[in-house]
Amino acid sequence: MKKSLNVIFPIIAVIAGIIFIISGIHTYKNKDLYDSTVTATVVEVVEDIDTVTDPENPETTYTVYIDYEVDGTKYEHVESPESDSTMKEGDTIEILYQSKDPSKITAKNVGKTSLIFIVLGAIVAIGGGFSVFRAFIKR
């Protein structure tokens with residue numbers, strides 16, 4: 001049983017790493033579609049405290065809603081592509097949007113984020129692959 005776990009977890013790591021790489025590549029490839037910048041205003045911050053998963057260490061997540069305007073069209077109460085605990089109503093953030101469809105928005109640092117996904121995915125996949133290889137060599 002223990003030997004099979006020594007193979008199963010690394011295989012899961014390889015699969016997760018590949019998913020991260022694919023996601024990062026897809027996001028990086030599409031980042032140029034977001035060709036325009038607009039300043040958005042934070043209109044609501046919703047705090048959600050999860051005590052079900054781990055009552056001893058509750059996890060807090062923040063969902064931020066924004067308003068922005070492009071060419072006279074207002075987009076109201078849209079979920080922000082970025083959020084953190086320091087954001088409050090009235091704050092402004094810069095976001096990217098697609099000029100062909102301004103309802104499609106993303107965070108301004110989408111290029112960096114996608115590269116981080118690719119690098120982390122590669123590290124996890126290579127580490128998992130090495131562990132799988134090592135497990136088969138020991139047999």
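Gln-98 stands opposite Asp-101 of strand 5. Strand 4 (residues 92–98) and strand 5 are joined by 4 bridges and run antiparallel. Strands here are DSSP E runs of at least two residues, helices are H or I runs of at least four, and both are numbered from the N terminus. Two strands pair if DSSP finds at least two bridges between them.

This is a predicted model, in which local features need pLDDT of at least 70, side-chain atom pairs count only at pLDDT 80 or more, and totals for chains, interfaces and linings use all residues. Residues are numbered from 1 along each chain as its sequence is written, and side-chain values use heavy atoms, with hydrogens and water left out.

The open sheet has 5 strands in the order 3-2-1-4-5, with antiparallel pairing. Strand 3 (73–79) and strand 5 (101–107) stand at the edges. Each has a single partner strand, so one side of each lacks a neighbour in the sheet. From one strand to the next, the twist averages 40°. Axes are lines fitted to C-alpha atoms, for helices over the stretch in contact; angles run from 0 to 180 degrees between N-to-C directions.

**Aromatic pairs**

The structure holds 2 aromatic pairs. Rings of Phe, Tyr and Trp (its six-membered ring) pair if their centres lie within 6.5 Å; planes under 30 degrees apart count as stacked, over 60 as edge-to-face and the rest as tilted.

| Pair | Centre distance | Plane angle | Class |
|---|---|---|---|
| Phe-20 and Phe-117 | 5.0 Å | 20° | stacked |
| Tyr-68 and Tyr-75 | 4.9 Å | 15° | stacked |

Phe-20 lies in helix 1 and Phe-117 in helix 2 (residues 110–138), so their pair ties together parts 97 residues apart in sequence. Phe-20 is partly exposed, at 35% relative accessible area. Phe-117 is partly exposed too, at 31%. Tyr-68 and Tyr-75 are both buried. Buried means under 20% relative accessible area, exposed over 50%, and partly exposed in between (1.4 Å probe, protein chains only).

**Residues in the two helices**

Gly-17 is in helix 1 (residues 2–30). Gly-17 counts as buried because its relative accessibility is 0%. Not counting residues up to four places away in sequence, Gly-17 touches Gly-121, Val-124 and Ala-125. Contact means heavy atoms within 4.5 Å.

Ser-114 is found in helix 2. Ser-114 is buried, with a relative accessible area of 2%. Leaving aside neighbours within four places in sequence, Ser-114 contacts Gly-24, Thr-27 and Tyr-28.
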